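Me: I would like to learn how to read helices and charged pairs in a model. Can we work through one together?

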Amino acid sequence: MAEDSPKRRKANFNEAETEVLIEQVLKHEQLLFAAGPGRASAGQKRKVWELIRHKVNPVAACPRDVEDLKKRWRDLKRRDRSKLCRLSQGCGPPAPPALGLLL
């Protein structure tokens, strides 16, 4: 039989969590997202995501797991790409001046 109380969702990421996540992912970007023969193994990537989780959780509103962090990172990238696309008035490669507007 199913539990009587409905499943509650986690709180939204706050600004501090997002800042730490971005800082740590960019710090380890080469290890996490590199392609080709020099890329990291799945185990190495898992350890890096765990390290990031340990950095984010002290400032988190609620405990985050690795999947929460990965999803937030994907959402941030998608949102920024769509913003770049709108700024460059086309969905091809973003124009260099548009990149400066976001930073």
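Reply: Start with a spacing along a helix. Glu50 and Arg53 are 3 residues apart in helix H3 (residues 42-56), so about one helical turn separates them. Keep in mind that this is a predicted model.

Me: What do the side chains of Glu50 and Arg53 meet in?

Reply: The general idea is that side chains of opposite charge can pair when their charged atoms come close. Here the side chains of Glu50 and Arg53 form a salt bridge, with 2.7 Å from N to O. Glu50 counts as partly exposed, because its relative accessibility is 28%.

Me: How many salt bridges does the count come to?

Reply: The count comes to 6 salt bridges. Lys71 and Asp75 are 4 residues apart in H4, about one turn of the helix.

Me: Which residue forms a salt bridge with Asp75 at 3.7 Å?

Reply: That is Arg78, and the 3.7 Å is again N to O. Arg78 and Asp75 both lie in H4 as well, 3 residues apart, or about one turn of the helix.

Me: Now the helix itself. How many residues does H1 have, and how far does H1 reach?

Reply: Compare the span with the expected one. Helix H1 (residues 15-27) has 13 residues and reaches 18 Å from its first C-alpha to its last, close to the 18 Å expected at 1.5 Å a residue.

Me: Which residues of H1 are buried?

Reply: The buried residues in H1 are Glu17, Thr18, Val20, Leu21, Gln24 and Val25. They sit on the same side of H1, because they cover an arc of only 165 degrees around the axis. On the other side of H1, Glu15, Glu23 and Lys27 are exposed.

Me: What caps the N-terminal end of H1?

Reply: Look for a side-chain atom facing a backbone nitrogen at the start of the helix. Asn14 is the cap here: one of its side-chain oxygens lies 3.1 Å from the backbone nitrogen of Ala16.

How values were computed:
Residues are numbered from 1 along each chain as its sequence is written. This is a predicted model: local features need pLDDT of at least 70, side-chain atom pairs count only at pLDDT 80 or more; totals for chains, interfaces and linings use all residues. Side-chain values use heavy atoms; hydrogens and water are left out. Helices (H or I, at least four residues) and strands (E, at least two) are DSSP runs, numbered from the N terminus. The expected span of a helix is 1.5 Å times one less than its number of residues. Buried means under 20% relative accessible area, exposed over 50%, partly exposed in between (1.4 Å probe, protein chains only). The arc is that of the directions from the helix axis to the C-beta atoms. A polar contact is a pair of N or O atoms within 3.5 Å; within protein, one must be able to donate a hydrogen and the other to accept it, and residues adjacent in sequence count only if both atoms are side-chain atoms. A salt bridge is a side-chain nitrogen of Lys or Arg within 4 Å of a carboxyl oxygen of Asp or Glu.
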